[in-house]
Amino acid sequence: MIQINNLQFRYPRKPQLFQGLDLQLEQGRIYGLLGKNGTGKSTLLKLIQGVLFPQQGAITVGGALSSDRKAAMLEDIFFLSEEYELPSIAIKAFVQAYGPLYPKYDNDKFNRLLEGFEVDARSKLSELSYGQKKKVLISFGLASNCRYLLMDEPTNGLDIPSKRQFRKAMLTEFRTDQIVIISTHQIRDLNQLLESVIIIEGGKILFNQSVAELEDKLTFETRLNAEVVAESLYTDRVAGGYLHLLPNTSGEPSEIDLEVLFNAVIEDQQKINAHF
Amino acid sequence: MEFNINRLIRLMKRDAIVYRKPIVLGIVAVFIVLILLMVSYAYDGGFFPEFFLVTRFNFSLLVGGLLLTTIIFWEFKSAAGRVHFLGIPASTLEKLVTRWTYTFLLFPLLCLLVFLLVYLISSSFILYKGNSEVFELLSDSLMAYWIVHPIVFMFGIWYNRYVAPKVVVSALLFAFGTVAVFFIMHRIFFNELYSGFALAEGLTVDPDPTFQFKVEGMMENIARFLGFVFVPLFFTVVSYFKLKEKQA
């Protein structure tokens with residue numbers, strides 16, 4: 001479990017980023033961390049990994065204080081950063097260098113995943129494009145079998161088939177003892193992958209619900225005309241009509257549109273949260 | 001503090017793989033430069049050959065070794081590098097020990113090895129004055145490295161970028177600061193020796209020779225303790241905590 005209590009954080013000479021943030025992340029879930037630019041999504045991941053320290057409050061990862069950066073904790077966390085520097089070595093050498101540092105690393109799994117992403121395992125990292133490097137890191141992260149996978153914009157730079165492959169890999173390789181946090185702007189890439197949605201804004205959690213709860217409480221309906229629906233919580237113009245976010249009165253789950261949900265929460269979080 | 005020898009070995013293996021090219025190039029460069037310099041200066045009329053030999057060693061150890069120490073945490077120069085290095089699955093102590101080993105043990109050993117090779121080879125055609133003088137000069141630079149390395153190592157962790165020039169500036173500031181503090185203390189405690197900020201004119205000092213002997217001995221012991229025990233230990237401990245509190 002990842003537990004964040006009363007987190008306060010700011011970068012030097014910058015405004016306060018987190019002010020008393022509380023969050024609890026349970027095992028066996030893939031969390032989507034959504035927020036506007038500069039709301040601290042990447043910072044939150046770095047704080048969880050322990051490479052940044054909170055000014056106040058505490059973050060524990062599996063019971064260990066993240067800022068202690070204990071080796072046992074780091075062996076169980078894989079952080080796929082949006083910006084990374086990879087050494088100019090072959091993929092094979094990269095695996096030889098980093099694989100032994102993760103006790104549960106599975107090389108067969110790595111090769112299988114890399115094959116799925118259509119990356120030649122004999123390639124040199126310096127010869128790969130940004131997207132291909134990301135595929136190597138995603139494959140390595142999943143093969144590390146770490147209990148905590150933190151991914152910052154993992155689909156950024158991936159082509160369309162690779163995004164599909166990413167979703168497939170995540171769903172097949174995900175284990176129930178893991179916690180995966182995916183921070184992203186590319187909401188549509190994560191449809192049908194996330195099990196919980198967290199929206200942060202202004203240093204606070206605006207929304208934190210499981211997808212099952214979302215489906216149970218809210219419904220997304222597309223109507224052709226801009227007709228006013230009295231009970232509509234949010235309306236957005238989409239191709240072919242208007243998409244309404246409505247309370248789910250029928251009990252039938254609808255396909256969740258994360259973009260509409262995000263905009264609805266940003267516009268009036270109280271109105272949305274009142275239904276949970 | 002966590003320390004696991006297997007993890008340390010894995011960390012060193014990782015460094016050896018990731019930095020294989022710069023390591024090989026560095027070793028080859030050290031060998032070539034040292035051998036060229038030593039051989040070219042091995043004999044010069046009017047100078048002692050061993051002096052040249054040892055100066056080359058001093059240069060490569062002190063300048064090369066300390067420069068290497070300033071860049072040994074080169075990952076810190078970028079935010080992505082810091083995230084990567086600090087997130088490597090190993091304890092702070094293990095990360096510190098690996099980089100300390102490279103700069104404090106392996107590099108001087110490499111320099112010594114080259115020195116001994118050249119010395120042994122050149123001994124066959126150059127008549128050195130005596131081994132004792134060569135090794136005395138050699139030990140001086142090793143002692144200097146023993147004292148200065150921990151200080152530079154700490155700055156290598158503290159600063160993220162432009163470590164070498166920052167270390168030079170910090171060292172100068174520290175030196176000036178120390179001189180100023182000692183001068184002020186001297187001015188306060190030995191007030192009667194001064195007229196303003198200058199020494200009083202017509203002052204004659206006739207110290208007791210036994211007192212001078214005792215003070216000299218005591219000061220030497222204090223200086224030795226500070227230089228060889230306190231300074232290296234203090235800065236190594238500070239380095240550990242600097243790395244522990246290092247953030248991305």
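1. Start with the salt bridge: Arg7(B) pairs with Glu75(A), and their closest N and O atoms are 3.5 Å apart. The count between chain B and chain A is one salt bridge. Bear in mind that this is a predicted model.

2. On the chain B side, helix 1 (5–18), helix 2 (20–41), helix 4 (79–86) and helix 8 (209–244) each put in at least two residues. Helix 1 of chain B gives the largest share, seven residues. Sorted by class, the chain B side that touches chain A comes out at twelve nonpolar, six polar and eleven charged residues.

3. Now the overall extent of the interface. In contact are 29 residues of chain B and 26 residues of chain A. Together the two chains bury about 2400 Å², with 58% of that on carbon and sulfur atoms.

4. Over in chain A, have a look at the open sheet. Six strands run in the order 6-7-8-3-9-10, and the pairing is mixed. Strand 6 (77–80) and strand 10 (204–210) are the edges, each pairing on one side only. From one strand to the next, the twist averages 15°.

5. Ile77(A) has Tyr148(A) in strand 7 as its bridge partner.

6. Finally, helix 8 (residues 258–267) of chain A lies across strand 3 (29–35), strand 9 (196–201) and strand 10 of that chain. Relative to strand 9 of chain A, this helix runs at about 40°.

Definitions and conventions. Residues are numbered from 1 along each chain as its sequence is written. Chains are lettered from A and ligands numbered from 1 in the order in which they are written. This is a predicted model: local features need pLDDT of at least 70, side-chain atom pairs count only at pLDDT 80 or more; totals for chains, interfaces and linings use all residues. Side-chain values use heavy atoms; hydrogens and water are left out. Two strands pair if DSSP finds at least two bridges between them. Helices (H or I, at least four residues) and strands (E, at least two) are DSSP runs, numbered from the N terminus. Axes are lines fitted to C-alpha atoms, for helices over the stretch in contact, and angles run from 0 to 180 degrees between N-to-C directions. Contact means heavy atoms within 4.5 Å. Buried area is the accessible area (1.4 Å probe) that two parts lose on being put together, summed over both. A salt bridge is a side-chain nitrogen of Lys or Arg within 4 Å of a carboxyl oxygen of Asp or Glu. Ala, Val, Leu, Ile, Met, Phe, Trp, Tyr, Cys and Pro count as nonpolar, Asp, Glu, Lys and Arg as charged, and the others, Gly among them, as polar.
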